[in-house]
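The following paragraphs guide a new reader through one protein structure.

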Amino acid sequence: MTTRRTFLGAVVAATAGAAALPGAARAASAFSPAFPKGFLWGAATAAYQVEGNNVNSDVWAMEHAHPTVYMEPSGDAANSYALWPADLDLVKRLGLNSYRFSLEWARIEPGKGEFSVAMLEHYKAMIEGCRARGLVPVVTFNHFTTPIWFAAQGGWANPESPSLFARYCERAARHLAAGIGYATTLNEPNLSGVLDLVLPGDIGPRLLDADKAMQAAAAREHGVARFLPGNPLYVADPQVVQANLLAGHKAGRDAIKAVRPDLPVGVSLAIIDDQAAGEGSLRDAMRDKLYRPWLEAARGNDFIGVQNYERTVWDDKGRLPPPKGAETNDAGAEIYPASLADVVRYAHTASGAPVMVTEHGVNAADDRKRVRLIPAALKELKRAIDDGVPVLGYMHWSLIDNYEWVFGYGPQFGLCTLDRKTFKRTPKPSAAVLGAIARRNAL
Ligand code: BGC
């Protein structure tokens, strides 16, 4: 498990290049700050990153493996397993009208085929808690982490994985689907096993080796031949894993739709604003590898979830560094507000599906960067909407500073700070900026 943001960022620059829709020039002259009626304004979290003590999840095993690449264990995280009502109150108080969160598969199915009614009830209470506050629940069925038993059976490399995932989706949907507003199956499956293609410099080989050693340690410690976590950096057989994830999305989606055909179900993809520079740019080849199968899989889905944090400029050799003097995030990547709208246009053009921004944000301890980014990115997003791209909503990552996977609690993506001793959440100025836009439904 890794954070893409922190790696992918470190290497960007230049030109514009996402697919333009007809009418772009027309809309540029008639900018309207108002968003469509019913637009969803939300903040996003993922269960593992905020709940705490997910001891049956694969990442818990990886954090405690010897050796591990995790800088620190997740521990109590934000204690959101207990404090979810406070999280929902916070979302409401900020002025947002929706909340994206995920179900922890390992809580719902702690043993293979053993489902916990108590845990399903927990998530049902969260969904009902959203409804009681007038918040639309946007629910991710699986955000990276899988149960330890699943990882110990080869994870997404196991031929049984798509049907195991579909069974879990069906069981969870039967209990929960009635109250859900929008569902996604998987989070950023498009990068699983192909991350080394986008890692800069020697990070790939270095981290891949360390990740491989950690997986081997987890396998030893669990007495199995292979322990493959839900979102590994090192994958020996990426084609197999990608094929199973694609089949898993389809089977999971079918399972949820079978329970509640009118529930909109999609998948969230990580999409970088890949831009081409000069003759023979690698941009299109990279897009084919990183997104094409998933954009095709999303054809005919009710919507496609788009998650964007940055742009990358490709020449004929690789990525260009960030332009000199560009504002950067805490990982050294350029902050480029137009990237979100660019990928929204691209994802819609390539998939034909309506778009929901299920993540967008910035790794920045200095909240002034977030304060500047949010309106600037939303202005470009509104231009895309004016050009005819159907966009259902915008979920900012993240509601609170949280557990940023291998990097632990260092990186700060939150609209609110988290005191890790008292679990007190405190809104930052950027939360007021987003909240004001959401309340007005306009820039
Ligand atoms: C993931 C989140 C992560 C965020 C920031 C996305 O890749 O879905 O889990 O925390 O980006 O790195």
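The model shown here is predicted. The strands concerned are E1, residues 40-44, and E2, which pair in the parallel sense over three bridges. E2 also pairs with strand E3, residues 136-142, again in the parallel sense, here over five bridges.

How far is E2 enclosed by the rest of the structure? Strand E2 spans residues 98-102, and five of its five residues are buried, so the strand is largely enclosed by the rest of the structure. In a regular strand, side chains alternate between the two faces of the sheet. Both faces of E2 are covered: Ser-98, Arg-100 and Ser-102 are buried on one side, and Tyr-99 and Phe-101 are buried on the other.

The largest nonpolar core has 97 residues, and the members that touch the most others are Trp-41, Phe-141, Leu-381 and Tyr-394. Helix H9, residues 161-176, supplies the largest share of this core, namely eight residues. A second, separate core holds 22 residues, including Trp-60, Ala-61, Ala-65 and Ile-148.

Tyr-394 deserves a separate description. Setting aside residues up to four places away in sequence, Tyr-394 touches, among others, Phe-39, Leu-40, Trp-41 and Gly-42, as well as His-360, Leu-381 and Leu-434. The side chain of Tyr-394 is also joined to that of His-396 by a polar contact of 2.8 Å.

His-396 itself lies in strand E10, residues 391-397. Is this residue buried or exposed? His-396 counts as buried because its relative accessibility is 0%, where the cut-off for a buried residue is under 20%. Apart from neighbours within four places in sequence, the contacts of His-396 include Gly-42, Ala-43 and Ala-44, together with His-360, Arg-370, Phe-413 and Leu-434.

The last element to consider is helix H10, residues 203-222. This helix has 20 residues and reaches 28 Å from its first C-alpha to its last, close to the 28 Å expected at 1.5 Å a residue. Among the buried residues of H10 are Ile-203, Gly-204, Leu-208, Asp-211 and Met-214. Further buried positions in the helix include Gln-215, Ala-217, Ala-218 and Ala-219. Just after H10, Gly-223 adopts a positive phi of about 65°.

Notes
Residues are numbered from 1 along each chain as its sequence is written. This is a predicted model: local features need pLDDT of at least 70, side-chain atom pairs count only at pLDDT 80 or more; totals for chains, interfaces and linings use all residues. Side-chain values use heavy atoms; hydrogens and water are left out. Buried means under 20% relative accessible area, exposed over 50%, partly exposed in between (1.4 Å probe, protein chains only). Helices (H or I, at least four residues) and strands (E, at least two) are DSSP runs, numbered from the N terminus. Two strands pair if DSSP finds at least two bridges between them. A nonpolar core is a set of buried Ala, Val, Leu, Ile, Met, Phe, Trp, Tyr and Cys residues joined through side-chain atoms within 4.5 Å. Contact means heavy atoms within 4.5 Å. A polar contact is a pair of N or O atoms within 3.5 Å; within protein, one must be able to donate a hydrogen and the other to accept it, and residues adjacent in sequence count only if both atoms are side-chain atoms. The expected span of a helix is 1.5 Å times one less than its number of residues.
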